[in-house]
Amino acid sequence: HIVVLLLSFTLFAFAIENSNTLYKKANELYENAKYKQAADKYSQIIKNDPGFAKAYYGLGSVYYAQKKFKLAIRWYRKAIEKHNKFQQAYEWLGNSYVKIGDYTKAMRNWKKSLKINPYNNNVKQQVEIFSKKAYSQQKHINSIIQSALKLKKKGCPEKAIEVLENNIKKYPESTKLTFALSRMYFEQRKLKKTLNCWNNLLKSKKTLRLTDLMQTNDTVESY
């Protein structure tokens, strides 16, 4: 039993050392803008050592540098799934959301980053710069939903759906817009489209608070 335990420990230590060595090489490639080779190294680490959170972060950074911000978001999220106190991943996830125009989610992730490291001045500055933009954006999204509801009330549900569909192209990450559209689809018995909306909401892996999604004059009981 002691031999088996020692062997297991040795293999585990070797895996950690190997991952760290590969990670250093991947970072060198990244710093020299050799993004394809860096991505291959980070992917190799993930294949051999799926719990190595920094490799997911590295892939996020590769895609961010290539201006592939939606892919960057995907990999920064995975890094956080592996290590939920990963301050830099929250910071750069926020930066990525800014690049696709989602200031609300950028603010949410920067604030999580500051909870872990409240002394990060770069993140503090970002929060200060974008807080008003995030508020204005959320206000605009609410006004879009209200416009769609008015159209529906006037007996123009298809126009209401069109308004929401057009604006989701502008704010693809907005859970409020997606939820509002799913309700419109459901009311018009567009069930496949309703399910697509809900699949997108579930893929976001975000906790949905009912009070955030409720529309004017809604009550909790109505759900």
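User: Which side chains meet in a salt bridge at 3.5 Å, N to O?
Analyst: Glu-158 and Lys-190 do. Keep in mind that this is a predicted model.

User: Where do Glu-158 and Lys-190 lie?
Analyst: Glu-158 is in helix α8, residues 157–170, and Lys-190 is in the loop between α9 and α10. They are 32 residues apart in sequence, so the pair ties together separate parts of the chain.

User: How many salt bridges in total?
Analyst: The count comes to three.

User: OK, which residue does Glu-187 pair with?
Analyst: Glu-187 forms a salt bridge with Lys-152, and their closest N and O atoms are 3.1 Å apart. This pair links distant parts of the chain, with Glu-187 in helix α9 and Lys-152 in helix α7 (residues 121–153), 35 residues apart.

User: And how accessible is Glu-187?
Analyst: Glu-187 has 35% relative accessibility, which means it counts as partly exposed. Lys-152 is partly exposed too, with a relative accessible area of 28%.

User: What about Asp-40, which partner does it have?
Analyst: Lys-36. The closest N and O atoms of that salt bridge are 3.0 Å apart.

User: Why are Asp-40 and Lys-36 about one helical turn apart?
Analyst: Because they sit four residues apart in helix α2, which covers residues 35–48.

User: Lys-36, buried or exposed?
Analyst: Exposed, at 57% relative accessibility. Asp-40 counts as partly exposed, at 41%.

User: Switching to surface charge. Which residues gather in a patch of positive charge?
Analyst: Lys-85, Arg-108, Lys-112 and Lys-115 form that patch on the surface.

User: Where is Lys-112?
Analyst: Lys-112 is in helix α6, which runs over residues 103–116. Its relative accessible area is 39%, so Lys-112 is partly exposed. A patch residue needs over 30% relative accessible area and no salt bridge.

User: Now aromatics. How many aromatic pairs does the structure hold?
Analyst: Eleven. One of them is Phe-179 with Trp-198, an edge-to-face pair at 5.5 Å centre to centre with 85° between the planes.

User: Which helices hold Phe-179 and Trp-198?
Analyst: Phe-179 is in helix α9 (residues 175–187) and Trp-198 is in helix α10 (residues 191–203). The two are 19 residues apart, and the pair links distant parts of the chain.

User: Is Phe-179 buried or exposed?
Analyst: Buried, with a relative accessible area of 6%. Trp-198, by contrast, counts as partly exposed at 34% relative accessibility.

User: Which residues do ring pairs link into a cluster?
Analyst: Tyr-23, Tyr-42 and Phe-52.

User: Last topic, the overall fold. How many helices and strands are there?
Analyst: Eleven helices and zero strands. Read along the sequence, the pattern is α-α-α-α-α-α-α-α-α-α-α.

User: And what share of the residues counts as buried?
Analyst: The protein has 223 residues, and 38% of them count as buried. Phe-179 is buried as well, at 6% relative accessible area, under the 20% limit.

Technical notes
Residues are numbered from 1 along each chain as its sequence is written. This is a predicted model: local features need pLDDT of at least 70, side-chain atom pairs count only at pLDDT 80 or more; totals for chains, interfaces and linings use all residues. Side-chain values use heavy atoms; hydrogens and water are left out. Patches are made of residues with over 30% relative accessible area and no salt bridge: like charges are joined within 9 Å, nonpolar side chains (Val, Leu, Ile, Met, Phe, Trp, Tyr) within 5 Å. Accessible areas come from the Shrake-Rupley method with a 1.4 Å probe; for residues, only the protein chains shown count as cover. A salt bridge is a side-chain nitrogen of Lys or Arg within 4 Å of a carboxyl oxygen of Asp or Glu. Lys and Arg count as positive and Asp and Glu as negative; His and the chain ends are not counted. The place of a charge is taken as NZ of Lys, CZ of Arg, CG of Asp or CD of Glu. Buried means under 20% relative accessible area, exposed over 50%, partly exposed in between (1.4 Å probe, protein chains only). Rings of Phe, Tyr and Trp (its six-membered ring) pair if their centres lie within 6.5 Å; planes under 30 degrees apart count as stacked, over 60 as edge-to-face and the rest as tilted.
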